[in-house]
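Please have a look at the sequence and the structure before I go on.

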Amino acid sequence: AELWSSSTMSFREPRALPASSSAQRKWSHADRCIQGTNDDASVSKMSCVSLKYFEDAFLPLFVRRRTRRPPMINRGYFARVQAIRQAVAAFQRGVGHGQAQILSLGAGFDTTFFRLSAAGARPRRYVEVDHKEVTCSKCRLVQKNAALADLIDAGEAAKGSSTIDVDGGTILSDTYTLAPADLRNLESVKGAMAQGGVDAAAPTLVLMECVMAYLDAEATRAILRHLTESLETCCILIYDMIGPDDPFGKQLILNVESRGCPLPGIRSFPTAASHAALLRESGFTVGGIHNMLEIYERYVDPAERKRTERIEFLDELEEWHLIMAHYCLSYGFKGSLELFQSPEMPCL
C-alpha cells in the first residue's frame, strides 16, 4: 500500500452494522476511503508505465487520471510490480505451461491476466476477487474495451460464451472469472471461489497484495486456513506493511488512518516473524519473508534494476531505505516445494 502517500489497496466490505448506528456511519466513511485506494494504486502504476519503469499495454484502459508520482513512489512501485511478475513467471515455469491456477484476492484493477494472455502465457484458470463496487467498475471497463473482452473470449471453448454482468460485478468464462466478495466474511470468499470454479487439485498461486492491512486478524487467519484446507498444492504470496511500532511506521499509519482508513491488520501482524508464524499456523511451509529493500537489492532482476535507476534521480536514499524496510513479501507453500523454488522467487 502506498501508505506514505495514499494507500493502494481496493476495499473489502466490512461486516454489516445496524443502519442507524454511529458505527455504521463511521464504516461508510471508511468504506469510501478504502475503496478509492484502488484508483490511487492504478494511477501510481500508470505513472511508472508512462516513465517506462515497466510495460503494461492494458493499464491505460483502466486509468483515466494521469499523475506523475515522485521518484520514490515510482521506484517503490517498480520493485513491487517487478517482484510479483517474477514470482508469477517462476510459478508458471515450475508447474508447467498452461497448468497454473491463479487466485488474486483484492485484485482491484490488476491487469496480470490480460498481460499473460496477450503474451501467450494464459494460465489454466485465473480468478479475481474484490469488493463489489470495484468488480462492477472493472466489468464496465472490460465491456467497453474490445481488446480486454476479446482476450477473455479467446480462451473459450465456444467463442462468445463468456458473460459480463456489470450490475452483478461478475465476469464468467472458461479460464477467467471476476467475482465480488467481502473478504471479511469467509463464506463470501468461499462463494466467490466456487463461482470462479477454483479447482482444488490444480497447482495454485494465491496473490494477496495489501490485503492483510485492512482485515482483522480473525478474517486473515480464516482465509489462509481455508486455502490450505481446500487446495491440495498451492503457494501464497503476500505483500504488506510491517514495522508499525517504530517512529517511521507510526507516521505511516497516522497518514492513512487520519483520512479515515482503518488498518487493523498491521497491528495484528507487525513483523516479519509474525508473518512467518501466521503462515505456519495456517498450514503453509514458510518459503521466505523478505522486506522490500532486500527484495529490491537481492532479487529484482539486476538488469531491470540498473535500467530503471537511470530513469529518475533519487536523492532521498535514507527515506527510501526506511520505506522499503517497512514492507515485506512473504511466501509460503503447501505441497511439493520443488515446484516453487527458483532465483526469481527465493526460498530461505
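Let me begin with helix 11, whose buried residues are covered by elements that include helix 8, strand 7 (234-241), strand 8 (285-291) and strand 9 (327-334). Helices (H or I, at least four residues) and strands (E, at least two) are DSSP runs, numbered from the N terminus. Helix 11 spans residues 272-281, and its buried residues are Ser274, His275, Ala276, Leu278 and Leu279; buried means under 20% relative accessible area, exposed over 50%, and partly exposed in between, with a 1.4 Å probe and protein chains only. Just after helix 11 comes Gly283, which takes a positive phi of about 105°.

Residues are numbered from 1 along each chain as its sequence is written, and side-chain values use heavy atoms, with hydrogens and water left out.

The pLDDT is the predictor's confidence in each residue, from 0 to 100. The protein chain averages a pLDDT of 88, and 84% of the residues score at least 70. Over residues 1-27, however, the pLDDT is below 50, although this stretch has 89 contacts in the model beyond near neighbours in sequence, a contact meaning heavy atoms within 4.5 Å. Where pLDDT is low, the predicted coordinates should not be read in detail.

Now to the sheet. In what order do the nine strands of the open sheet lie? The order is 3-4-5-2-1-6-7-9-8, with mixed pairing, and two strands count as paired if DSSP finds at least two bridges between them. Strand 3 (163-165) and strand 8 are the edge strands, each of which pairs on one side only.

Strand 5 (residues 176-180) is largely enclosed by the rest of the structure, because four of its five residues are buried. Strand 2 (residues 125-130) runs parallel to strand 5 and is joined to it by five bridges, with Tyr126 standing opposite Tyr176. Strand 4 (residues 170-172), by contrast, pairs with strand 5 in the antiparallel sense over two bridges, and Leu172 has Thr177 as its bridge partner. Three residues lie between strand 4 and strand 5, which form a hairpin.

Let me turn to a pair of helices. Helix 5 (residues 132-144) and helix 6 (residues 146-153) pack at an angle of about 95°, with their axes 5 Å apart; axes are lines fitted to C-alpha atoms, for helices over the stretch in contact, and angles run from 0 to 180 degrees between N-to-C directions. The two helices, helix 5 and helix 6, are therefore roughly perpendicular, since angles under 35 degrees count as roughly parallel, over 145 as roughly antiparallel, 65 to 115 as roughly perpendicular and the rest as oblique.

I will finish with two loop residues. Most residues other than glycine have a negative phi. Cys210, in the loop between strand 6 (204-209) and helix 8 (217-230), has a positive phi of about 55°. Is Cys210 buried or exposed? With a relative accessible area of 0%, Cys210 is buried. Lys52 also has a positive phi, near 70°, whereas its relative accessibility of 62% makes Lys52 exposed.

Terms used: This is a predicted model: local features need pLDDT of at least 70, side-chain atom pairs count only at pLDDT 80 or more; totals for chains, interfaces and linings use all residues.
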